[in-house]
Amino acid sequence: MDTRTGLPVVGMVGGGQLARMTHQAAIALGQSLRVLASSPEDGAALVAADVQYGDHTDLAALRTFAKGCDVVTFDHEHVPTEAVRELAASGVVVHPGADALVYAQDKRAMRERLSALGAPAPRWRPISSAEDLRAFGDEVGWPVVAKAVRGGYDGRGVWMLSPDDPLPPGVELIAEERVALRRELAVQVARSPFGQVAAYPVVETVQRDGICVEVLAPAPDLLPARAVAAQQLAIDIATALGVVGMLAVELFEVDGGLIVNELAMRPHNSGHWTIEGARTSQFEQHLRAVLDYPMGGTALTAPAVVMANVLGGQPGGISIDERLHHLFATDPGAKVHLYGKQVRPGRKIGHVTVLGDDMDEVRARAARAARWLQEGE
């Protein structure tokens, strides 16, 4: 407990943009998020007052960081499961706990658990040899999707394999059938230790080269019954796994309904639109959930909301400051969030959110703003 304010201290392991935006939400609750960063250059380390430095795989660093925290949470899934268990065993309150977090860390464990729950999923199989891969591909059809069991994100750790392709070396894999999807959706829910849940509207996510470039809220032309089914599915998963905090369920929409792709137990790129576009942002909601506060409202603040990621462009051109000047003069309603990252081509350096009444018009404005910030033209 912070003796100055009488408010609890929340520690977030990881110093990236998710921690940065969670810190911004914490300020309104009278808190300064404590952050375990790997470098002073991390996005959250540039803005938070209470920053410690250490490796998220170092149990000693995690123990030191957790001292004085009322609850510890994460801005990524890469803290070793056993380290999370050790923290909890020593009396640290950790949300989500290891028993839940493992299903966001280990894709094989996730598929096994979701299959046991009866959640809709593609056909899949653990793969340890070329013979395993060929047998699976011959059964479900080629190509097949191979995924690293641990560590993949933003398109990394995912391979589309044909019969003669070699397996990625030194990687534990699962293989999944390639489904004929209409589009990708996502639904976020928050769950508290008390068991209260709050679901956000279902969104459509647009991927390019394995990276989410756009999120449309609510998902256009989604049948109301299917939207309710997606929200209920996410609530059921959060409850069955004992998730505390935000849960993002990435979905494929197919002709027959919905298929679960992946899970994330933290604030998620598919929910950045909620800062301006929902009554309670996913970042504030995550804090409410891990602190066991009542959940905030999740309704949209406008009929159409679009978030477009800003990716790093090629070096040169006018400065980012000048680009902001031009953007704000052209579209005063565009809301920009920059993450304090060094610019590299293709790297997520921020996002833009636009609200309005017409999805097509809002989408065009968001895409134009993101492209301008990336390319300066």
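In strand S2, Arg 34 and Leu 36 point one way and Val 35 and Ala 37 the other, and all are buried (under 20% relative accessible area, with exposed over 50% and partly exposed in between, for a 1.4 Å probe and protein chains only). The model is predicted, so local features need pLDDT of at least 70 and side-chain atom pairs count only at pLDDT 80 or more, while totals for chains, interfaces and linings use all residues. Residues are numbered from 1 along each chain as its sequence is written, and side-chain values use heavy atoms, with hydrogens and water left out. Helices (H or I, at least four residues) and strands (E, at least two) are DSSP runs, numbered from the N terminus.

**Parallel sheet**

- An open sheet of 4 strands has the order S3-S2-S1-S4, with parallel pairing (two strands pair if DSSP finds at least two bridges between them).
- Strand S3 (50–53) and strand S4 (71–74) are at the edges with a single partner strand each, so one side of each is left without a neighbour in the sheet.
- Neighbouring strands of this sheet are turned by 25° against each other on average, direction ignored; axes are lines fitted to C-alpha atoms, for helices over the stretch in contact, and angles run from 0 to 180 degrees between N-to-C directions.
- Strand S1 (residues 10–13) pairs with S2 (residues 34–37) in the parallel sense over 3 bridges.
- Across this pair, Gly 11 stands opposite Arg 34, Met 12 stands opposite Val 35, and Val 13 has Leu 36 as its bridge partner.
- S1 also pairs with S4 in the parallel sense, over 4 bridges, and the bridge partner of Val 10 in S4 is Val 71.
- S1 is covered on both faces: Val 10 and Met 12 on one side, and Gly 11 and Val 13 on the other, are all buried.

**Helices H1 and H9**

- Helix H9 (residues 282–290) lies across S1 and S4 and runs at about 140° to S4.
- The axes of helix H1 (residues 17–28) and H9 come within 8 Å and cross at roughly 75°.
- That angle makes H1 roughly perpendicular to H9 (65 to 115 degrees; angles under 35 count as roughly parallel, over 145 as roughly antiparallel and the rest as oblique).
- H1 contributes Leu 18, Met 21, Thr 22, Ala 25 and Ala 26 to the contact, and H9 contributes Phe 283, Glu 284 and Leu 287; contact means heavy atoms within 4.5 Å.
- By class, this contact has 6 nonpolar, 1 polar and 1 charged residues (Ala, Val, Leu, Ile, Met, Phe, Trp, Tyr, Cys and Pro count as nonpolar, Asp, Glu, Lys and Arg as charged, and the others, Gly among them, as polar).
- H9 is mostly covered, with 7 of its 9 residues buried: Gln 282, Phe 283, Gln 285, His 286, Leu 287, Ala 289 and Val 290.
- Asp 292, which follows H9, has a positive phi near 60°.

- His 272 lies in the loop between strand S14 (257–264) and helix H8 (274–277), and is buried at a relative accessible area of 2%.
- The side chain of His 272 makes a polar contact with the side chain of Asn 269 (3.3 Å); such a contact is a pair of N or O atoms within 3.5 Å, where within protein one must be able to donate a hydrogen and the other to accept it, and residues adjacent in sequence count only if both atoms are side-chain atoms.
- Leaving aside neighbours within four places in sequence, His 272 is in contact with residues including Leu 18 and Met 21, Gln 282 and Phe 283, and His 351.
- His 351 is found in strand S17 (residues 348–356) and is buried, with a relative accessible area of 0%.
- The side chains of His 351 and Tyr 339 make a polar contact (2.6 Å).
- Not counting residues up to four places away in sequence, His 351 touches residues among them Met 21, His 272, Met 307 and Tyr 339.

**Antiparallel sheet**

- A further open sheet of 4 strands has the order S5-S8-S6-S7, with antiparallel pairing.
- Strand S5 (124–127) and strand S7 (158–161) stand at the edges, each with a single partner strand, so one side of each has no neighbour in the sheet.
- The twist from one strand to the next averages 30°.
- Strand S6 (residues 144–148) and strand S8 (residues 173–177) run antiparallel and are joined by 5 bridges; Ile 174 in S8 is the bridge partner of Lys 147.
- Helix H5 (residues 107–117) lies across S5, S6 and S8 at about 145° to S5, and helix H6 (residues 130–140) lies across S5, S6, S7 and S8 at about 165° to S5.
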